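Hi,

Here is the structure I promised to pass on. Have a look at it first, and my notes follow below.

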Amino acid sequence: MTDENEIPISLQIERTSVNITTFSALNEETGMPTNIPVILGGDDIITDEVAKLEVEEAFGQLNIQSLFGLSSESLESCLYDTFHISDNSEKLTPHVYLLKSHTNSVYLLNLLTTPYADLNLNSYFNEVEFMSRSFSGVFRRTNAQIEKKIIDDDKQDKILKDTVDNLSGYIHYMIFQERGLRELVDSQARKAAMMVLGMFLEVSVVSDEYVCLGECGKTFEFDNVQFENKEGEQTICPECKGRLSLAPPILKADNIQFTFPENAGKILGENDPSEALPTKFLGYFTQVAMPRNIALTVNRLSPEHFATLATIPMKASFVNDLDTDDFISLNTNWRRTEDGKLFMFISIGYTKFYEQNHLPFIPQLTAITVNRKITEGVERGKSLDTILRSSIINDWVLTKKMKIKDIDKFNSIDDLPKFGVDEA
C-alpha cells in the first residue's frame with residue numbers, strides 16, 4: 001500500500017478538488033433544455049458513489065438558463081473565499097470558482113472547489129468560453145444532421161455526451177496536470193478597471209436549517225414544528241425519512257455604507273439614471289452570492305465538507321452584454337468579527353472610465369490596496385471615517401450606515417445621507 005506521504009502534492013490537491021461542469025443546450029423549437037453534467041475529482045472527499053450519481057442527476061435537472069439572469073450585465077466568473085463556521089481543522093477549506101459562458105443556445109456552468117487559490121480568472125474564463133463555443137458548434141451541426149436524417153436523436157445524444165466528456169476532461173487536465181491556468185499566466189490582457197465606488201457591508205452568517213439528503217431534498221428550520229417533542233439533534237427527515245444534514249450557511253447583509261467621489265451619481269447616471277441607484281451596486285454583490293440550489297446540491301456530495309462551508313465572493317467579473325469590450329469588476333476584502341459576523345469592503349470597478357483622467361475615480365489595482373488597508377484598520381478598531389481620511393480616497397464621500405432594506409428609497413447614490421462630523 002502506498003504511503004499517503006508518498007502521493008505527490010499535485011495529486012493530493014486533485015483528489016480533494018471537485019470539478020462540476022454542466023452543459024445545457026436549448027432546443028429552440030420546443031424550448032426544452034438538454035443538460036449534460038460531469039463530476040471529476042474529489043476522490044478523497046466523495047465516499048458515496050450513489051450520492052455522486054444523485055448530484056449529477058440533480059445538475060442535469062437544474063434550470064441553468066435561470067442562473068444567468070436577465071440583466072444587461074452577465075456574470076462571467078467569480079472566485080469565492082471560504083471558511084467553516086464550526087472549528088474543525090480536519091475539514092476541507094477550499095476556494096470555490098464559479099464560471100458561466102453562453103454561446104448561441106448553449107449555456108455552460110463550471111463549479112470548481114479546490115485548494116488552489118491562484119487560478120487566473122481571465123485565463124480560466126477564456127478556456128470555459130472556448131468549451132462553450134466548441135459544444136455549441138457540435139450541437140448546431142448535429143441538429144442539422146438530424147434535420148437531414150443523417151443521424152437520429154440517440155446518436156446525437158451520444159455525440160453530445162462524448163463531447164462533454166472530452167471538454168470536461170480537457171479543462172480538468174489544464175488545471176491539475178498542465179497547471180496552465182495559474183495566476184502568473186495571463187492569456188489575454190484586459191482593459192484596466194477604475195474603482196467608482198466602495199461598499200461597507202455588515203453580514204450575518206445564518207445557519208439555522210437542516211436539509212434532507214433523501215428523496216425529498218427539502219430544507220427545515222431548526223425550530224420546525226415537526227421537530228417538537230423530539231430530543232437532541234435531528235437526523236431523520238420528517239417528510240421522507242431520509243438522512244438530515246446541516247444545510248450550508250447563508251450570508252445575509254444587514255447594514256451598508258457607501259463611499260464614492262463627490263457627485264459620482266451624476267457622472268454614473270449621466271446617460272441612464274438607473275446606473276446611479278444604490279441598489280444597482282448592492283446588486284453586484286447579491287448576484288454573486290452562491291446560488292442556494294447549487295450550494296444544497298453540492299452539499300449532497302460530502303456534507304462533512306460542505307455543510308458548514310461559508311462562501312464569500314472575492315473577485316468577480318461581469319460583462320456588459322451591450323458592449324463586450326467593457327466589464328465590471330468586484331473585489332472584496334473581509335474579516336470575521338468577534339460576534340461571528342463579517343465585515344466586508346467591496347470595491348466596484350468599471351472599465352468604461354479607463355483613461356478618463358478628468359474623472360475622480362481611481363485604478364482598481366490601487367483599490368485592492370485600499371481594500372486591504374480598510375479591513376485591517378477596522379480589525380484594529382479604527383472608525384471608517386478615520387481610515388478613509390488617511391487613505392488615497394480621503395476626499396470621497398462616506399454615507400451613514402443604513403439598513404439594507406432602506407437604500408431602495410433613494411434614486412441616486414448622491415442622495416444618500418452623508419456621514420457627519422458629529423458622528424465620527
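Is the crossing of H3 and H4 right-handed or left-handed? It is right-handed. Before the rest, please keep in mind that this is a predicted model.

Staying with that pair: H3 covers residues 121-147 and H4 covers residues 153-176, and their axes come within 10 Å of each other, crossing at roughly 165 degrees. An angle over 145 degrees counts as roughly antiparallel, so that is what H3 is to H4. From H3 it includes Tyr 124, Phe 130, Met 131, Phe 135, Val 138, Phe 139 and Ile 146. From H4 it includes Ile 159, Leu 160, Val 164, Leu 167, Ile 171, Met 174 and Ile 175. Sorted by class, the contact has 15 nonpolar residues, six polar and two charged. Glu 127 of H3 and Asp 153 of H4 are among the residues that make it.

S7 (residues 209-212) is worth a look by itself. Glu 209 and Val 211 point one way, Tyr 210 and Cys 212 point the other way, and all of them are buried. Three bridges join S7 to S8, residues 219-221, and three bridges join S7 to S9, residues 244-246. Tyr 210 has a bridge partner in each neighbour: Phe 220 in S8 and Leu 246 in S9. Cys 212, for its part, stands opposite Leu 244 in S9. If you follow the chain from S7 to S8 you trace a hairpin with six residues between the strands, and Gly 217 in the turn has a positive phi of about 65 degrees.

H7 has a helix partner too. H2 (residues 49-61) packs with H7 at an angle of about 160 degrees, their axes 9 Å apart. That angle is why H2 counts as roughly antiparallel to H7. H2 passes H7 in a right-handed crossing. Val 55, Ala 58 and Phe 59 of H2 make the contact with Ile 294, Thr 297 and Val 298 of H7. Of these contact residues, five are nonpolar, one is polar and none is charged.

Last, the stretch around H6. This helix (residues 278-287) is mostly covered, with seven of its ten residues buried. Among the buried ones are Lys 280, Phe 281, Tyr 284 and Phe 285. In the loop between H5 (264-268) and H6 you will find Glu 275. Buried means under 20% relative accessible area, and Glu 275 has 13%, so it counts as buried. What does Glu 275 touch, not counting residues up to four places away in sequence? Its contacts are Glu 73, Leu 268, Gly 269, Lys 280, Phe 281, Tyr 350 and Lys 352. Lys 280 and Phe 281 in that list are also buried residues of H6.

Cheers

How values were computed:
Residues are numbered from 1 along each chain as its sequence is written. This is a predicted model: local features need pLDDT of at least 70, side-chain atom pairs count only at pLDDT 80 or more; totals for chains, interfaces and linings use all residues. Side-chain values use heavy atoms; hydrogens and water are left out. Buried means under 20% relative accessible area, exposed over 50%, partly exposed in between (1.4 Å probe, protein chains only). Helices (H or I, at least four residues) and strands (E, at least two) are DSSP runs, numbered from the N terminus. Two strands pair if DSSP finds at least two bridges between them. Axes are lines fitted to C-alpha atoms, for helices over the stretch in contact, and angles run from 0 to 180 degrees between N-to-C directions. Angles under 35 degrees count as roughly parallel, over 145 as roughly antiparallel, 65 to 115 as roughly perpendicular and the rest as oblique. A crossing is left-handed if the near helix is turned anticlockwise from the far one by less than a right angle, and right-handed if clockwise. Contact means heavy atoms within 4.5 Å. Ala, Val, Leu, Ile, Met, Phe, Trp, Tyr, Cys and Pro count as nonpolar, Asp, Glu, Lys and Arg as charged, and the others, Gly among them, as polar.
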